[in-house]
Amino acid sequence: MWRQVADEMCRRIAAMSPGDLVDSEQSMVQEFGIARGTARKVIAHLREEGVIYTVPGLGSFAGPKPPEDGHPVDGNTP
């Protein structure tokens with residue numbers, strides 16, 4: 001079941017802009033009728049795949065985690 005929810009969340013996140021807030025565990029529990037542990041597994045999977053990043057106390061956001069120093073990771077910065 002968690003894989004189906006993860007696939008649906010990936011489809012939704014693909015339509016988002018980087019940095020957009022992603023549904024919380026609780027909203028997934030309510031919408032998909034899944035257990036909280038299943039929602040946690042979905043979030044963990046999406047994070048491992050680089051689809052989202054999580055900021056403790058703020059939530060999960062679309063896209064890979066931005067660099068801590070604010071510089072692009074393409075290596076073209078002086």
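This is a predicted model: local features need pLDDT of at least 70, side-chain atom pairs count only at pLDDT 80 or more; totals for chains, interfaces and linings use all residues.
## Overall fold

The chain has 3 helices and 2 strands. Along the sequence they follow the pattern α-α-α-β-β. Of the 78 residues in the chain, 27% are buried.

Take the contacts with a separation of 6 or more: residues 24 or more positions apart account for 44% of them.

## Helix α1

Helix α1 spans residues 2-14, 13 residues in total. From its first C-alpha to its last it reaches 18 Å. That is close to the 18 Å expected at 1.5 Å a residue.

The buried residues of α1 include V5, A6, M9 and I13. They cover an arc of only 100 degrees around the axis, so they lie on the same side of α1. An α-helix has 3.6 residues a turn, so residues three or four places apart point the same way. Q4, R11 and A14 sit on the other side of α1 and are exposed.

What covers the buried residues of α1? Helices α2 (25-32) and α3 (36-48) are part of the cover. Strands β1 (52-55) and β2 (59-62) are also included.

## Packing of α1 and α3

Two packed helices are described by the angle between their axes and the distance between the axes. For α1 and α3 the angle is about 50 degrees, and the axes are 9 Å apart. The two helices are therefore oblique to each other. Their crossing is right-handed.

On the α1 side, the contact is made by W2, R3, V5, A6, M9, C10 and I13. On the α3 side, T38, K41, V42, H45 and L46 take part. V5, A6, M9 and I13 in this contact are also buried residues of α1.

## Packing of α2 and α3

Helix α2 packs against α3 at an angle of about 120 degrees, with the axes 9 Å apart. That angle makes α2 oblique to α3. Here too the crossing is right-handed.

Helix α2 contributes E25, Q26, M28 and V29 to the contact. Helix α3 contributes R36, A39, R40, V42 and I43.

## I43 in helix α3

I43 is found in helix α3. Is I43 buried or exposed? Its relative accessible area is 6%, so I43 is buried, the cut-off being under 20%.

Which residues does I43 touch, not counting residues up to four places away in sequence? They are D23, E25, M28, I52, T54 and S60. The C-alpha atoms of I43 and Y53 are separated by 9.0 Å. Along the chain, I43 and Y53 are 10 residues apart.

## H45 in helix α3

H45 also has its place in helix α3. At 15% relative accessibility, H45 counts as buried.

Leaving aside neighbours within four places in sequence, H45 is in contact with W2, R3 and A6. A6 is itself buried in α1.

Methods:
Residues are numbered from 1 along each chain as its sequence is written. Side-chain values use heavy atoms; hydrogens and water are left out. Helices (H or I, at least four residues) and strands (E, at least two) are DSSP runs, numbered from the N terminus. The expected span of a helix is 1.5 Å times one less than its number of residues. Buried means under 20% relative accessible area, exposed over 50%, partly exposed in between (1.4 Å probe, protein chains only). The arc is that of the directions from the helix axis to the C-beta atoms. Contact means heavy atoms within 4.5 Å. Axes are lines fitted to C-alpha atoms, for helices over the stretch in contact, and angles run from 0 to 180 degrees between N-to-C directions. Angles under 35 degrees count as roughly parallel, over 145 as roughly antiparallel, 65 to 115 as roughly perpendicular and the rest as oblique. A crossing is left-handed if the near helix is turned anticlockwise from the far one by less than a right angle, and right-handed if clockwise.
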